[in-house]
Amino acid sequence: MKRTLYRYIFNEIPPPFFVGMVTFTFVLLMGRFLKLAEMVVEKGVPFGDVLRMVSYLLPSFWLFTIPMALLLSILLAFGRLSGDSEVTAMKSCGISLYGLLPPPLLFSVLATLGCLWVTIYAVPWGNSSFKKLMLDIAQSSAGVSIKEKVFNNAFPDMVIYADGLDAKGQSMVGVIVHDERNPKAPTTIFAATGALFSDPASRSMEFQLKNGSIHRSEEGAGYRMVQFQEYILRVALADSTPKEPRKTSEMSISELRHPPPGTPAKDVLARRLELHSRLALPFSCIVFTFVGVPLGIQNRRSGKASGFSLSIAVILCYYVALSGFGALGEKSVLPPFLSGWGPNLIFLLAGGYLFVKTAAEEPLPLTTLYRSAKDAVVNRIGKGVKR
């Protein structure tokens, strides 16, 4: 009997979960869609490379969309069961709310394991692969990485600025190139116009600069300035390995746990914060289960649209708390452990309280507050109409 009941409740959760995954992932992807479309249409980046970028971005989206979709699915599943009076029927058979908890809890444990795999393996791989692919694309089509009126540092040891730029990113006006490939003789070039060409076969790019000047400062030789009408600067890009320090989001769990000797205290703190934040986020799936079940049962008459908006409201509150605790951790007000796990602890306590109140069939505080506010507004409007 119980096995049949558990299977019945469990089967209610996956359909809205996968719908939520697709919807939330698509919404997050829309924020990058214009940039990706611009790279295909204006910069001529191959469509296959754009698809690879999307695939590398997906793990960082899944880290957030899996808990979001889980909360939505539990709200909708228990809202449907409660709306059709199936929860009431189960209670009349002697099954309490605690007896309904194992199926959503099992699904949330599976979602937590999936989210842990994403955060431990997929996110560092996706971030590193995305960065490497962007560098490869920039080297094969140099104009892709150049933005107008921005100091661009996409090429190792070089900063490029263009006051004006054509759509393909090849013809420029008001060009500044700062070259630090030789640290002992940094060079800055100013040119009225310039053109940028890349040679994917030799992994190099060529600047054709006109009407400008070269400023160079060498150790022991002083400052030198040379004016030119035409100058060609060729840059070899054979080494595509990024030389700049890796971001904490690109590091593995082992790298976050064991910083190399001599790492500055600020970087050690950043690694500790990233470690606890990355490990705590998957366990929000279990926390959302205790929040979603009582809210879903209370939400029985409001339909799927209300369940969707309620899930957005809860998730918004959760990520506001996550940002607040993260900021306190960065300022060393809270230790890294509490900074990462604090939101989970608060929402777990709140969810446990809501669960106990719902199991005892007592009105939830927020529900009472909402009804009181609604009655107050209706009475105020009614008095205004009578006058």
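**Helix α8 and its surroundings in a predicted model**

Helix α8 has 15 residues and reaches 21 Å from its first C-alpha to its last, close to the 21 Å expected at 1.5 Å a residue; the expected span is 1.5 Å times one less than the number of residues in the helix. Helices (H or I, at least four residues) and strands (E, at least two) are DSSP runs, numbered from the N terminus. The structure is a predicted model, in which local features need pLDDT of at least 70 and side-chain atom pairs count only at pLDDT 80 or more, while totals for chains, interfaces and linings use all residues. Residues are numbered from 1 along each chain as its sequence is written, and side-chain values use heavy atoms, with hydrogens and water left out.

The chain contains 11 helices and 5 strands. Buried residues make up 42% of its 387 residues, where buried means under 20% relative accessible area, exposed over 50%, and partly exposed in between (1.4 Å probe, protein chains only). Of the contacts in the chain with a separation of 6 or more, 64% are accounted for by residues 24 or more positions apart; contact means heavy atoms within 4.5 Å.

Helix α8 is mostly covered, with 12 of its 15 residues buried. The buried residues include Ser284, Cys285, Val287, Phe288 and Thr289, as well as Gly292, Val293 and Pro294. A kink of about 30 degrees lies at Gly292, shortly before the proline Pro294; the bend at a residue is the angle between axes fitted to the seven residues ending there and the seven starting there. Thr289, also found in α8, counts as buried at 0% relative accessibility. Leaving aside residues up to four places away in sequence, Thr289 touches Leu70, Ile74, Leu101, Pro104, Leu105 and Ser108.

Pro294 and Ala359 are 65 residues apart in sequence and 8.1 Å apart in space, C-alpha to C-alpha. Ala359 is found in helix α10 and counts as partly exposed at 24% relative accessibility. Not counting residues up to four places away in sequence, Ala359 touches Leu97 and Tyr98.

The largest nonpolar core holds 49 residues, of which Ile66, Phe78, Leu100 and Val293 touch the most other members. A nonpolar core is a set of buried Ala, Val, Leu, Ile, Met, Phe, Trp, Tyr and Cys residues joined through side-chain atoms within 4.5 Å. The elements giving two or more residues to this core are α1 (2-12), α2 (14-41), α3 (47-83), α4 (86-92), α5 (102-140), α8 (284-298), α9 (303-330) and α10 (336-359). Helix α3 supplies the largest share, 13 residues. Ile66 touches Phe17, Met21, Ala111, Cys115, Val118 and Cys285, with residues up to four places away in sequence not counted. A second, separate core of 19 residues includes Ile146, Ala162, Phe207 and Val235.

The UniProt annotation "transmembrane region", from an unreviewed entry, covers residues 15-34, 54-78, 105-124, 279-297, 309-329 and 336-356. UniProt positions are given in the numbering used here, feature names are shortened, and annotations may be inferred rather than shown by experiment. Over residues 105-124 the chain is 100% helix and 0% strand, with the end C-alpha atoms 28 Å apart. Residues 309-329 are likewise 100% helix and 0% strand, and their end C-alpha atoms are 30 Å apart.

The count of salt bridges comes to 5, a salt bridge being a side-chain nitrogen of Lys or Arg within 4 Å of a carboxyl oxygen of Asp or Glu. The side chains of Glu12 and Arg80 meet in one of them (2.6 Å, N to O). Glu12 lies in helix α1 and Arg80 in helix α3, so this pair ties together parts that are 68 residues apart in sequence. Arg80 counts as partly exposed at 26% relative accessibility and also meets the side chain of Asp84 in a salt bridge (2.8 Å, N to O). Asp84 is partly exposed, with a relative accessible area of 47%. In helix α7 (residues 265-280), Glu274 and Arg278 are 4 residues apart and thus separated by about one helical turn. Glu274 forms a salt bridge with Arg278, the closest N and O atoms being 3.2 Å apart. Arg278 is buried, with a relative accessible area of 3%. Salt bridges that share partners join Glu12, Arg80, Asp84 and Glu86 into one network.
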